[in-house]
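Student: Hi! Could we go through the pockets and the core of this protein together?
Tutor: Happy to, let's look at the model first.

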Amino acid sequence: MLIRQLSVSPSLVNNLPFYSLASSPLLGRLAAVSRRTFAAVSRRTFAAMASSTEEFVRGTVHPNGVAVITLDRPKALNAMNLDMDIQYKSYLDEWEEDPRVKCVLIEGSSPRAFCAGMDIKGVVAEIRKDKSTPLVQKIFTAEYTLICKISEYKKPYISLMDGITMGFGIGLSGHGRYRIVTERTVLAMPENAIGLFPDVGFSFIAAQTPGGGSVGAYLGMTGKRITTPADALFVGLGTHYVPSGNLAPLKDALLSAQFSEDPHRDVIDVVSKHSSSLESDALLKLLLPQIASSFSAEKSVPEILEELKSHQQSSDATVAEWAKEALGLLQKSAPFSLCFTHKYFAKVASEGRKADNDLSKLSGVMKLEYRIALRSSLRDDFAEGVRAVLVDKDQNPKWNPSSLVQVDTKDVESLFEPLDSGIEELRV
């Protein structure tokens, strides 16, 4: 009765010296009760965290061998945090070795979003408190190893990219084998607008886009949203167009399929039956001459801006409107991010064409990108961009440097350098 009625600070009890506990039976009993209580609370807390993660990333294996990951964090547009990354990869690791599993299907829980990217605000909050926080390394390690796992996955990996698919959402889908887009799909890499850079291996995807990688460079630098299936397939972010009304029948067909010794052929047969032909040509294809010229790797960022200004005067209304929009998007981006993205994408596109170069493989790109991400995320532009765009939402970031002419080439080049001793490189 006395123990229940007595109010004692848990911190006081836990910090009492050993001799005090030994010399006082009452305090010894209090300490034991306190520790058991807090251990129980901790277990419940960790259990709740694990439970919420499993709710956000649900994994199910169906009787015919189709394993399904459902991203179910709709209030955050299925944005991924560290625990979700780890849970997601654990499913893939387990299923890759499970002979019962024939293919993996990835979906969002609502038509609004497949995945809007990384849960950025929490990361920036930690960086503001402590720039040496281990969370940064943990986040990028988890993301980038997951991306490499997806790209090398041994079994058919099918992404239903319905709704918003941005940033890490493209990382989860764009490196997989079967990439299903709908008329509701919205694709974008908007990182330059928050002072970071287009990561998640998008430079590797961009290098393979039409125009010798210029279309990918355009998308990465501007953050332009792709909102039509035709453009998504033209760029290569999508492999099949399935109208949203056909998604449920497609999933039902996969869940009822009898898989042969060649699951890839089975998946292609099912997906093809539910796919539709495109209703229009890709606008990006029509604009390819202008994009290839303006966003050439040989041009500097100021030269890109000048050419876009000249295209604004075009007698072709489509070209003029495209140039105006591109200029507006570039002007919203951090100057340092623009210069770096241009340099980085050109580097991957050029060196990636050499078979013996590390950048010819996604794993090599991700190793380099890990160095870049650790450094970029600690630059003041990142915290400022997140503040202006996602937190205060005043859309008025104060970039540093504030203009293209102030960007130091040495600072850009330094992001590629090996990490300092004591910081482990990415292992993939």
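**Pockets and core**

Tutor: By class, the lining of the second largest pocket has seven nonpolar, eight polar and four charged residues. Here Ala, Val, Leu, Ile, Met, Phe, Trp, Tyr, Cys and Pro count as nonpolar, Asp, Glu, Lys and Arg as charged, and the others, Gly among them, as polar. This is a predicted model, where local features need pLDDT of at least 70, side-chain atom pairs count only at pLDDT 80 or more, and totals for chains, interfaces and linings use all residues. Residues are numbered from 1 along each chain as its sequence is written, and side-chain values use heavy atoms, with hydrogens and water left out.

Student: Which residues lie nearest the centre of that second largest pocket?
Tutor: Gly174, His175, Gly176, Arg177 and Arg179, out of 19 lining residues. A pocket is an open set of points on a 1 Å grid over the protein atoms alone, where a 1.4 Å probe fits, with protein on both sides within 12 Å along at least five of seven lines; lining residues have an atom within 4 Å of a point.

Student: And what is the lining of the largest pocket like by class?
Tutor: There you find 21 nonpolar, seven polar and eleven charged residues. Met166, Pro190, Ile194, Val389 and Leu390 lie nearest the centre of the largest pocket.

Student: Switching topic, what does Leu172 touch?
Tutor: Its contacts (heavy atoms within 4.5 Å) include Leu71, Met80, Tyr88 and Phe114, leaving aside residues up to four places away in sequence.
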